[in-house]
Amino acid sequence: MARFAHRRADPPRVEKVSVVVAPSPLLSVSGAVAGAAGSPDAAVAWHYGDPFGEQRAAVERAAIVDRSHRFVLRITGAERLTWLHTITSQHVAALGDGQSAENLDLDLNGRVLHHFVLTELDGTVWIDTEAERGPDLLAFLQRMVFWADAKPVEAADHAVLSLLGPGVAGLTEALGVPALPGMYEAVPLPDGGFLRRMPWPTADSFDLIIPRDRLTDLWARLTAAGATPAGMWAFEALRVAAVRPRIGLDTDERTIPHEARWIGGVPEHGAVHLDKGCYRGQETVARVHNLGKPPRHLLLLHLDGSADERPVVGDDVTAGGRTVGRLGTVVDHYELGPIALALVKRAVPADTALAAGPVAASIDPDSMPSDDEPQAGRLAVDRLRGR
């Protein structure tokens with residue numbers, strides 16, 4: 001299969017993006033090419049003229065990515081953490097100052113509605129999530145406050161930048177911090193906002209949540225210090241290669257946390273703690289973990305780059321003409337060529353010849369999870385039955 005033909009520069013499209021986001025002021029940076037109209041990344045730069053060089057910089061040196069289109073909200077009040085703990089999937093009740101976590105909001109059937117990152121810092125919980133889902137997440141949180149001492153409000157005056165690559169270690173002076181934080185830890189910045197370390201899309205990944213009016217100045221300071229401007233193409237290519245899902249692109253209305261690799265507490269870099277109290281959708285999470293198997297797995301696919309057409313988000317993944325999955329993000333990687341994420345039925349073997357929309361595809365075997373061991377709940381049932 002010919003896999004390394006690069007022709008497309010457009011970001012993944014989705015059928016509908018319901019929230020209109022104002023264009024980033026950083027689109028005025030020299031060489032910036034905006035994301036395709038109607039895409040989730042239309043408000044920020046998709047690349048700055050050298051897409052694959054930007055990816056390489058994010059892996060080998062240091063790159064800065066404008067993700068200011070993410071929706072940011074904050075929660076204040078003495079009960080902000082204990083209250084949030086009761087309505088979401090992650091164990092956050094005892095989160096300490098300067099600590100972060102990934103989290104989910106599920107529906108009653110355990111299907112994923114929202115994925116977000118949160119940071120507890122100086123008496124405030126900061127949350128950032130996808131722009132088109134942010135208003136719904138905020139509305140849900142506000143509905144669930146009841147009598148708790150918690151106040152979730154939009155923080156439109158703050159924005160997100162990301163720093164990627166081992167060279168970020170050389171940017172501490174430009175950032176105004178003495179040292180880089182540890183995993184899922186955050187440190188305040190001298191002019192407001194904070195720097196947070198994340199486990200993806202690369203081994204050296206950091207988010208900056210800063211006052212929006214500081215975007216241009218901080219971008220200029222960090223690029224002058226050696227950070228390479230990189231577009232969302234670079235971020236997405238590295239995210240897909242790391243098999244990290246993006247809600248709304250790599251998930252659908254049926255996705256449960258087990259399918260999208262979100263099971264696990266903070267130490268496991270997950271978003272669903274398996275030993276916490278009741279929350280909406282917990283029954284499905286517990287049942288699948290203890291007694292069942294997820295119907296689909298999130299996998300990395302290699303695509304035939306020689307085809308005249310390119311698949312899009314939501315296309316069927318087929319085997320022998322039979323639908324076996326749903327395609328997610330499609331992107332060109334600087335080393336791997338055309339790749340994609342897909343939710344594929346669990347029973348499909350790794351060596352199955354697939355088609356992703358109009359092109360041939362193959363499963364990256366290293367992305368195939370192993371779930372052959374019986375669950376604890378199933379073993380307990382068998383013991384009760386004398387097996």
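In this predicted model, helix α6 supplies the largest share of the lining of the largest cavity, namely 4 residues. Two or more lining residues come from each of β6 (112–121), β11 (194–198) and α6. A search of the whole structure finds 2 cavities of 30 Å³ or more.

Strand β11 also belongs to an open sheet of 6 strands, arranged in the order β10-β11-β12-β9-β3-β13 with mixed pairing. Because β10 (186–188) and β13 each have a single partner strand, they stand at the edges, and one side of each is left without a neighbour in the sheet. On average, neighbouring strands of this sheet are turned by 25° against each other, direction ignored. Within the sheet, β3 and β9 run antiparallel and are joined by 4 bridges. D66 has L161 of β9 as its bridge partner.

Helix α1 (residues 51–60) has P51, G53, E54, Q55, A57 and A58 among its buried residues. The buried residues of α1 pack against the elements below.

| Element packed against α1 | Residues |
|---|---|
| β2 | 45–47 |
| β3 | 63–66 |
| β9 | 158–164 |
| β13 | 228–230 |
| α6 | 232–241 |
| β16 | 322–333 |

An unreviewed UniProt entry places the feature "domain: GCVT N-terminal" at residues 54–260. This span is 24% helix and 30% strand, and its end C-alpha atoms lie 27 Å apart.

Terms used: Residues are numbered from 1 along each chain as its sequence is written. This is a predicted model: local features need pLDDT of at least 70, side-chain atom pairs count only at pLDDT 80 or more; totals for chains, interfaces and linings use all residues. Side-chain values use heavy atoms; hydrogens and water are left out. UniProt positions are given in the numbering used here, feature names are shortened, and annotations may be inferred rather than shown by experiment. Buried means under 20% relative accessible area, exposed over 50%, partly exposed in between (1.4 Å probe, protein chains only). Contact means heavy atoms within 4.5 Å. Two strands pair if DSSP finds at least two bridges between them. Axes are lines fitted to C-alpha atoms, for helices over the stretch in contact, and angles run from 0 to 180 degrees between N-to-C directions. On a 1 Å grid over the protein atoms alone, a cavity is a set of points where a 1.4 Å probe fits but cannot get out, and a pocket is an open set with protein on both sides within 12 Å along at least five of seven lines; lining residues have an atom within 4 Å of a point. Grid points are joined across faces, edges and corners, and a volume is the space filled by probe spheres set on the points.
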